[in-house]
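Here are my notes for your first look at this one. Have the structure open while you read, and take the points in order.

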Amino acid sequence: MRYQSFTRLTVAALAAAAFVAAPAAVQAKKMKVGFVYVGPIGDHGWSYQHHQGLLAVKKAFGDKVETTHVENVPEGPDAERVTRQLAQQGHDIIFTTSFGFMNPTIKVAKQFPKVKFEHCSGFKRAKNVATYNIRYYEGRYVNGVIAGRMTKSNTVGYIASFPIPEVVRGINAAYLGAKSVNPKVKFKIVWVSTWFDPGKEADAAKALADQGADVIFQHTDSPAAMKLAEQRGISAIGQASNMKAFGPKAQLAAAVNDWGPYYVARVKAAMDGTWKSTDTWGGIGAGMLTIASVHSRIPADVRKQAEKVRADIAGGKFHPFTGPLNKQDGKPFLKAGEKAGDGLLAGMNFYVQGIEGSLPK
Amino acid sequence: MLRLEPRREPSRAMQVLTPVFAVVLTILAGLVLFAILGKDPFRAIWLIFFEPLTQTYALAELTVKATPLILIGAGLAMGFRAGVWNIGAEGQFVAGALAGGSVALALHETAGLWIMPLMCIAGMLGGMAWAAIPAFLRTRFNANEILTSLMLVYVAILLLSALVHGPLRDPEGLNFPESRLFSESMILPILIEGTRAHVGFILALLAIAVAWLFMERHLLGFQIKVQGQAPLAARFAGYSEKRIVWMCLLTSGALAGLAGTTEAAGPVGQLVPALPIGYGFTAIIVAFLGRLHPFGILLGGLLMALTYIGGEAAQIAMSLPSATTRVFQGMLLFFLLAMDVLVGSRVRWIPRTVHG
Amino acid sequence: MELVVNILLGIVIAATPLVFAAIGELVVEKSGVLNLGVEGMMIVGAIAGFSVTIESGNYLAGVISAIAAGALMALLFGFLTQTLFANQVATGLALTMFGLGLAALWGQDYSGKAAGNFPRLDLPVLSDLPLVGKLLFGQDYLVYLSILLVVGVSWFFRKTRGGLIVRAIGENHDAAHAIGYPVVLYRYLALMFGGACAGLGGAYLSVVQTPFWAEGMTAGRGWIALALVVFAAWRPGRALLGAYLFGGITILQLHSQGFGVKVEAQYLSMLPYLATIAVLVIISSDRLKVKLNAPACLTQPFRAAT
């Protein structure tokens, strides 16, 4: 639980300190903060949320910081060049915000030992490279509870992108959440092999709705599925950002990535000279993930139940992956009462028992 | 009124001057564009076109970015001259990276100087194999290669994705979709210490030289040109159309495959799903910017790379949205293509006369 | 049974942007010009249609703007290739690059906004018929427009003098010029028609199908449309068929996953592309037929001899 002690204490405390005690800092020079985005800010999803984090940094430190962002950076050699350029131009701390930026970030970090790097969603660290990510699965579990209670057809649709651990973990968590309140629930999962193709995402949502799904989860980046749910009069769960504008009636709730507190805390740490390479995996408890816009049409008892689950997860009283739990093929995964460790979660590449369909091996 | 009159011979002077005109016009249009967007126009132009040329590192990056463009462009140009429309170099690039990369991954515990050449050969064979499909379908079933090669791009990208999510996945990579990093013998040697300029650029220069010798000095090169300009004459002369189709597709496939390998074994150093970022398509523009001539392609590739690198620099320094640099790039291409008209034509002022 | 109807409805919606873009490009290619910038024209149409719809609240205005924006992009292409004799392949690719950038720049203030539901045909009795009602009489207006366009283009090429001229120009522009047809003018018109259709196809994505704006939302559909023209062997009816086949396989592979088919998703996603190749191979084997329909002057620049 190292992450929680770190995140709960430092993120919250430092974020607060940033607002209160910032003027006392002896920083004469402006701190230069760089961000590298994989998509356009206008994707209204992944990169958009990171940019909200940048704005939070700006707001917190005003003219003490100078921020730079580069959008639409392809993963690979271009990312390395952009990151290097930021380092070269005197940025003190650089956030690289896509998994594919991992090796480029490590390479550049070697050449600039004095610059601090932060890589989102990877697993390689160095003295000057920290990693961070959000426990999206916590939000998916909570929303799974809501979905499980709200589905009338007992069929929940799930639009998935690629079978990487993060996506698989999300499917499992949502399923376990739904199953915990509705033993009859079934998940229909469609892999679209893309992170972003609004047309195809809408097609997939349509296919799921046609097959009887009345609540739709997605792990792709555009709000197309939400918009379709709105048109079809069914429900959906917002992903990464609040998609209420696209589904005022449809959106049951959204799990919103909130990078702001983390970014503010880390920039502050860099200013104070207390920055260390850490591995942060923060969830609801750390304020990095919020369950937003729980719809008023959800009955009070369901809201209450979901809120309790949310609070328990936030307070560390409950872990979404708690045994007894079997893998899809019936092999044991967790013993009764056992909680999945971060190592197990990080590499998760199997469905839990009860989910139909197969995963690539 | 203004009239364009064809020249008897392409103007040598204009061949050199038109790119300069185009750049000047782009700069002027760019000044207007950036001014409209409220950004310092002169600084933007300086950052995009000139600053990269003043730094060693940026110059080295220029070669990194231009290498795949030049390699692919050189191969495509040959086909375009013969009227063989290989639009799917991106797919052959991926197939080459997969083949070359698979060799590297299979041998990852071995070391030796022989591995790198083996990877390059595998990459070329991979690209050739992918290009052989449209060649076969065209020569055997008359299926248009524009469509088949283009469709195969999507298939190749999905295949790469499936393989790095599955069999080629790094066993120590926590199931993330990327291969393990290539070991030292499988990484292309660096040309200039402290930069990323790698031997792939030498290969690209070599490809340009060979392409030039082939097109200008070899009988088959001549046949290709005849095939493209006068297919009927080619048939009367007894040139085999099938042979030319096969040769053009295999050659461009091999070079695209080689580019895929040099990219994977160069600046990337592993197989990742995001490897294809459009070099195969951009190289088509490069081929035409270079007027399908090997030396022109070399310059075209470098110019194209400059706009990417300069565009990034401007994005960083002036927080321009990336869309702006793409619009700017589009304008440069339009001007370059439009100015080409002066090579083959002259502009004449002709007073309006009434025809009786 | 209802599921079948729903699947068919899904196919129609997935295919309609492709129908628009493909039928437009078909006319362009029939006139002997290859415009590879379909993707660029589509995306500019998508943002033009969306932004105007949002600002004016009027769908018709949005659709008309998309048409105009696509046509303007095509006009730029026409000026470069027809007046200045720039290479068509390269200019088309540059147009795509330019269009993607332009649309992104234009759309900066529009991401995160959503449009309402596009009006649908609603006939008394007919639209409420069980099963077929929704499929035949309950689509949005643009679906009917797309089919009308295909019928219209087919009629144009078969029955009208204008169609004959366009075909003649695509077949042999020198001969057409000698007879006295204004080759360049007709090509400009064909190009603008193609651009208008591509813009409409883009707007279908942003105004009807999703409906919202997101950068890069055409996601390669322009390229598929180009491929469909070749697939169709330049015959309008077959372009429609090709678009529906492509859309059909896309939708069916998504549905098959929902039913639990155990094939890896990436391989399923390859199906539409592989099927397009397979069908092309079958229909191309008849060399003569393809030759009859392929415009002989495709990509060749035309210069009037003086």
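Which pattern does chain C follow when read along the sequence? Chain C reads α-α-α-α-α-α-α-α-α-α-α-α-α.

1. Before anything else: this is a predicted model, where local features need pLDDT of at least 70 and side-chain atom pairs count only at pLDDT 80 or more, while totals for chains, interfaces and linings use all residues. Residues are numbered from 1 along each chain as its sequence is written, and chains are lettered from A and ligands numbered from 1 in the order in which they are written.

2. Chain C has 13 helices and 0 strands. Both kinds of element are DSSP runs numbered from the N terminus (helices: H or I, at least four residues; strands: E, at least two).

3. Along the principal axes, the C-alpha atoms of chain C fill a box of roughly 65 × 45 × 45 Å.

4. Of the 306 residues in chain C, 58% are buried (20 or more other C-beta atoms within 10 Å of the residue's own, with C-beta atoms placed from the backbone). Look at the contacts too (C-beta atoms within 7 Å): among those in chain C with a separation of 6 or more, 78% join residues 24 or more positions apart.

5. Now find helix 3 (residues 59–83) and helix 9 (residues 183–209) of chain C, which pack at about 140 degrees with axes 6 Å apart. Axes here are lines fitted to C-alpha atoms, for helices over the stretch in contact, and angles run from 0 to 180 degrees between N-to-C directions. The contact of helix 3 of chain C with helix 9 of chain C has 19 nonpolar, 8 polar and 1 charged residues (nonpolar: Ala, Val, Leu, Ile, Met, Phe, Trp, Tyr, Cys and Pro; charged: Asp, Glu, Lys and Arg; polar: the others, Gly among them).

6. In chain A, the axes of helix 7 (residues 198–210) and helix 8 (residues 224–232) come within 8 Å and cross at roughly 45 degrees. Pro198(A) and Glu201(A) of helix 7 are among the residues making the contact, as are Ala224(A) and Leu228(A) of helix 8.

7. Last, the contact between chains B and C takes 34 residues from chain B and 38 residues from chain C. On the side of chain B that touches chain C, 25 residues are nonpolar, 7 polar and 2 charged.

Terms used. A residue is buried if 20 or more other C-beta atoms lie within 10 Å of its own, exposed if 12 or fewer, and partly exposed in between; C-beta atoms are placed from the backbone. Two residues are in contact if their C-beta atoms, placed from the backbone, lie within 7 Å.
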